[in-house]
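Have the model open while you read.

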Amino acid sequence: AHSHRNLAETYAGSSELAEAAGLFHEIAEAAMKHEDPKHEERSVEIARELLTKTGYTPEEIVIVVDDAIAKHSCHGSVRPSTPEGKALAAGDALTHLTGDFYMVAEKRRKQFQTDEEIRAWVLPKIERDFAGKIAYDDLRDEVRPDYERLKKHFS
């Protein structure tokens, strides 16, 4: 498995900052439901506050908060530009594509969505995870079988 830390090390970023971004991303997930409209805003506030209290520099906070956390979802043309931001986005995508994220989500969503509605949500998300969030061809090649398996399952 690839951690945010070792992804940043592999692709020439600060492993400490990448790990901080990963931790704050997870803290936000624990603090409130991802569907909450204030989720993104609150996760950024929590991260900024704690990083400031623990002595990170303003420049480091920009990398962790404004690039990695704020841009890791890769919606539209928004992409992280730092190695640490790319590590968070890739790590998030790898977790989704290689773990049970989509199967758990499908099971949960079946309680309130039709198969068609689930497909309409999941297929673009799988595509964004694979094509948008992984900035490195070698990593994309590594998870291609998982990506293909998920696409086939949901098609």
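Contact here means heavy atoms within 4.5 Å. With that in hand, Thr-98 touches Val-143 and Asp-146, leaving out residues up to four places away in sequence. Keep in mind that you're looking at a predicted model.

**Thr-98 and Val-143**

- Thr-98 sits in helix 5, and Val-143 sits in helix 8.
- Thr-98 is partly exposed, with a relative accessible area of 44%.
- Besides Thr-98, Val-143 is in contact with Leu-94, Leu-97, Phe-130 and Ile-134, once its neighbours within four places in sequence are set aside.
- Thr-98 and Pro-145 are 47 residues apart along the chain, and their C-alpha atoms are separated by 9.3 Å.
- Val-143 and Ala-90 are 53 residues apart in sequence, with 11 Å from C-alpha to C-alpha.

**Helix 6 against helix 8**

- Helix 6 covers residues 101–109 and helix 8 covers residues 137–154; their axes come within 11 Å and cross at roughly 20 degrees.
- Angles under 35 degrees count as roughly parallel, so helix 6 and helix 8 are roughly parallel to each other.
- The crossing of helix 6 past helix 8 is right-handed.
- Which residues meet here? From helix 6 come Tyr-102, Met-103 and Glu-106, and from helix 8 come Arg-149, Leu-150, His-153 and Phe-154.
- Sorted by type, the residues of this contact between helix 6 and helix 8 are four nonpolar, one polar and two charged.

**Helix 6 against helix 7**

- Helix 6 also packs with helix 7, at an angle of about 165 degrees and with the axes 11 Å apart.
- Angles over 145 degrees count as roughly antiparallel, so helix 6 and helix 7 are roughly antiparallel to each other.
- Helix 6 passes helix 7 in a crossing that is right-handed.
- On the helix 6 side, the contact uses Phe-101, Tyr-102, Ala-105, Glu-106 and Arg-109. On the helix 7 side, the residues are Ile-118, Trp-121, Val-122, Lys-125, Ile-126 and Asp-129.
- The residues where helix 6 meets helix 7 split into seven nonpolar, no polar and four charged.
- Tyr-102 and Glu-106 turn up in the contact with helix 8 and in the contact with helix 7.

**Salt bridges**

- How many salt bridges does the structure hold? The structure holds nine salt bridges, and three of them are described below, including the pair Glu-49 and Lys-53.
- Side chains of opposite charge can pair when their charged atoms come close.

*Glu-49 and Lys-53*

- Glu-49 forms a salt bridge with Lys-53, and the closest N and O atoms are 3.8 Å apart.
- Glu-49 and Lys-53 are four residues apart in helix 3 (residues 39–53), so about one helical turn separates them.
- Glu-49 is partly exposed, with a relative accessible area of 41%, while Lys-53 is exposed, at 63%.

*Arg-140 and Asp-137*

- The side chains of Arg-140 and Asp-137 meet in a salt bridge, 2.8 Å from N to O.
- Arg-140 and Asp-137 are three residues apart in helix 8, so they too are separated by about one helical turn.
- Buried or exposed: which word goes with Arg-140? Arg-140 is buried, with a relative accessible area of 16%.

*Lys-133 and Asp-92*

- Lys-133 and Asp-92 pair through their side chains in a salt bridge, 2.7 Å from N to O.
- Lys-133 lies in the loop between helix 7 (115–132) and helix 8, and Asp-92 lies in helix 5 (residues 83–98), so the pair ties together parts that are 41 residues apart in sequence.
- Lys-133 counts as buried at 2% relative accessibility, and Asp-92 counts as buried at 9%.
- Salt bridges with shared partners join Asp-92, Asp-129 and Lys-133 into one network.

Conventions. Residues are numbered from 1 along each chain as its sequence is written. This is a predicted model: local features need pLDDT of at least 70, side-chain atom pairs count only at pLDDT 80 or more; totals for chains, interfaces and linings use all residues. Side-chain values use heavy atoms; hydrogens and water are left out. Axes are lines fitted to C-alpha atoms, for helices over the stretch in contact, and angles run from 0 to 180 degrees between N-to-C directions. Helices (H or I, at least four residues) and strands (E, at least two) are DSSP runs, numbered from the N terminus. Angles under 35 degrees count as roughly parallel, over 145 as roughly antiparallel, 65 to 115 as roughly perpendicular and the rest as oblique. A crossing is left-handed if the near helix is turned anticlockwise from the far one by less than a right angle, and right-handed if clockwise. Ala, Val, Leu, Ile, Met, Phe, Trp, Tyr, Cys and Pro count as nonpolar, Asp, Glu, Lys and Arg as charged, and the others, Gly among them, as polar. A salt bridge is a side-chain nitrogen of Lys or Arg within 4 Å of a carboxyl oxygen of Asp or Glu. Buried means under 20% relative accessible area, exposed over 50%, partly exposed in between (1.4 Å probe, protein chains only).
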